[in-house]
Amino acid sequence: MPLPNHGANPHKLYETLNLKQPAHVLDFSENCNPAGPPEAIRTGWNELLPAIARYPDPNGEPFRSAVAKFHGIDVSQLVLGNGAAEILSLVAERYRGKRAILVHPTFSEYEATLTAAGARITHVQAHEDDGFALPIDELKTVIKTADALYLCTPNNPTGVLPSRTDLIALIQHANAFSCDVVLDEAFMDWVDETLSFIPEIGNYPNVIVVRSMTKLYAIPGIRLGYAVAHPERIEGLKRLAPHWNVNAIAAQLGTICLSQSEYRKRAILQAAEERVKMTTFLTTNGCRVIDSAANYILFQPPAHRPAKEVFTELLKQGIVVRHTENFKGLDGRWLRIGLKSACDMDTLRTALTPILNETRSTLTFISGGVRSGKSAYAEQLVRTEATKTGGRLVYIASGTATDEEMAERIARHRVDRADDGWTTIEQPTHLEDVLPYLQPDDHILWDCVTTWLGNEAFEGWESGMPCILKPECMERKVATLLETIERIQGYTNQLVIVSNEVFDEPPKTEEITRTYTQLLGALHQELVAKADVAIEMDSGLAIVHKQRRMHG
């Protein structure tokens with residue numbers, strides 16, 4: 001069952017994962033102001049109640065005039081909505097049946113509303129290697145055939161704020177090709193109003209800026225947002241909106257919120273302080289953190305602690321962070337933290353510390369030619385360590401019985417290992433298939449990499465298109481393998497991996513054989529880089545090529 005697409009829904013999350021929800025939950029998956037709504041709303045609430053008994057102003061007054069004054073614009077440049085979500089739905093209708101560009105990872109409602117409007121979407125991916133910066137050159141190319149470009153500034157979920165130079169360059173380029181630019185500034189009030197694009201609207205008629213009152217003022221239940229654009233575009237959006245789409249209480253509350261300058265300053269200052277503290281903590285503990293301008297942080301845990309495991313371990317403690325399963329390009333490998341009070345952030349750091357620093361098991365990689373003694377040496381190495389902890393001896397055998405002789409050999413070895421105290425996991429199709437069968441005290445020997453690679457590379461051979469011939473097929477399999485090795489290391493006592501030398505036999509001239517040999521060589525290099533100890537066996541002698549000092 002897929003996880004919820006939005007944060008702020010812990011009950012549904014626990015239900016989906018079939019986990020018991022603790023009595024007390026700290027929710028870092030949503031990113032509203034932890035201070036709660038302004039005090040002026042609490043003290044003035046009784047004065048707002050009479051508005052319930054009469055119809056609201058059809059133009060959303062007094063909120064519309066308050067917004068115009070706040071941004072120094074004319075009311076003709078404004079349309080109000082029942083939250084930014086409604087505004088996005090109205091904007092999407094403008095592009096019904098047209099072409100729109102989305103830059104991922106980004107807020108899921110863009111795609112949801114555009115799809116509902118029948119728009120044709122071009123997906124562009126910002127890359128983690130570039131810190132999720134806007135891929136300007138690619139965007140300039142796809143803009144030429146598009147009707148709209150959606151940009152989240154600062155981005156949700158990365159927190160990245162594009163530079164004004166890049167934005168103007170894209171907007172001007174888009175204007176030359178009659179392409180609108182929709183700027184979602186839902187989190188701009190957490191940054192600096194001087195960085196908003198609203199003051200530039202008069203110079204760029206192809207820009208629509210969407211704003212939300214939800215996050216900074218902590219009023220998600222009220223539903224209040226607005227858009228700023230050229231009056232002609234605003235009139236078109238108004239015609240799409242239902243009558244009285246902003247209720248009387250919301251119009252009053254929004255007006256009160258915009259007058260709270262000291263409240264805004266405190267919120268921005270606190271978020272900045274907590275962002276620095278949390279970023280420092282995460283980087284110190286081996287995480288990768290994206291430079292955020294907003295009130296949330298996107299981070300990737302250390303390689304030996306996959307994000308999904310960190311996510312689940314925190315849930316068990318009643319702490320909810322935002323998963324990234326539904327963000328293209330993040331795919332669950334990252335997590336997002338909404339910044340809360342100093343006390344709550346301390347609680348989160350306390351919970352994260354042992355999770356991020358959980359000791360990895362030692363990884364030993366042993367290679368060598370046929371009959372070099374590597375398997376016997378590996379078995380003794382695992383047995384020696386297991387006697388110290390009393391943990392299980394686990395043998396993972398990748399070999400597949402492709403003929404009677406191989407089947408007989410596997411059966412014989414299974415009996416021998418059972419008599420010798422080993423628990424054997426036979427013939428896993430993929431290494432990740434063994435994960436459910438492992439236990440925390442296990443000492444594991446995986447023999448052998450070459451058999452695994454052969455099985456994976458030539459999967460689909462009968463159909464005439466094995467994986468080794470498909471673009472990026474083996475790259476994906478190797479990436480999954482390396483991730484699985486990290487997961488095994490993070491869960492068990494010891495992992496020893498055995499493989500044959502790349503050149504056990506003279507390489508053949510066929511291209512597919514050369515490709516296989518190159519793949520195995522590259523995989524060996526990956527395993528040596530990852531290993532704490534790397535050994536080459538030669539005639540029964542162990543030659544240690546690498547030995548990383550392990551923390552006791």
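A residue counts as buried when its relative accessible area is under 20%. Ala218 is buried by that cut-off, because its relative accessible area is 12%. This residue sits in the loop between helix H9 (214-217) and strand E8 (225-228), and its phi is near 55°, a positive value in a residue other than glycine.

**The model as a whole**

Please keep in mind that this is a predicted model. The protein chain has an average pLDDT of 90, with 92% of the residues scoring at least 70. Residues 503-509 have a pLDDT below 50, and this stretch makes seven contacts in the model beyond near neighbours in sequence.

The protein chain holds 19 helices and 19 strands. Its C-alpha trace spans about 90 × 50 × 35 Å along the principal axes. Among contacts with a separation of 6 or more, 72% are between residues 24 or more positions apart.

**Cores and enclosed segments**

In soluble globular proteins, nonpolar side chains tend to be buried together. Here the largest nonpolar core has 97 residues, and Leu282 and Leu348 touch the most other members. Helix H11 (residues 248-258) gives this core its largest share, seven residues. Another core lies apart from it, with 31 residues that include Val449, Leu453, Val478 and Leu527.

Which residues does Leu348 contact, leaving aside its neighbours within four places in sequence? They are Phe28, Met278, Leu314, Ile319, Val321 and Ile337.

Helix H5 (residues 84-93) is largely enclosed by the rest of the structure, because seven of its 10 residues are buried. The buried residues of H5 are Ala84, Glu86, Ile87, Leu88, Leu90, Val91 and Ala92.

Thr450, in helix H17 (residues 449-457), is buried with a relative accessible area of 11%. Not counting residues up to four places away in sequence, Thr450 touches Ser499, Asn500, Tyr516 and Leu520. Asp27 is part of strand E1 (residues 26-27) and is also buried, at 17% relative accessible area. Between Asp27 and Lys308 there are 281 residues of sequence separation and 17 Å of space, C-alpha to C-alpha.

**Backbone details**

| Site | Backbone feature | Angle |
|---|---|---|
| Glu61 to Pro62 | cis peptide bond | omega near 10° |
| Thr153 to Pro154 | cis peptide bond | omega about -5° |
| Ser178 | positive phi | phi near 55° |
| Ala218 | positive phi | phi near 55° |

Pro62 lies in the loop between helix H3 (45-48) and helix H4 (63-71). Pro154 belongs to the loop between strand E5 (148-152) and helix H8 (164-176). Ser178 is found in the loop between H8 and strand E6 (180-184).

Is Ser178 buried or exposed? With a relative accessibility of 62%, Ser178 counts as exposed, whereas Ala218 is buried at 12%.

How values were computed
Residues numbered from 1 in each chain as written. Predicted model: local features only at pLDDT ≥ 70, side-chain atom pairs only at ≥ 80, totals over all residues. Heavy atoms only, no water. pLDDT = per-residue confidence, 0-100. Contact = heavy atoms within 4.5 Å. Helix = DSSP H or I, 4+ residues; strand = E, 2+ residues; numbered from the N terminus. Core = buried A, V, L, I, M, F, W, Y, C linked by side-chain atoms within 4.5 Å. Buried < 20%, exposed > 50% of the residue type's maximum accessible area, 1.4 Å probe, protein only.
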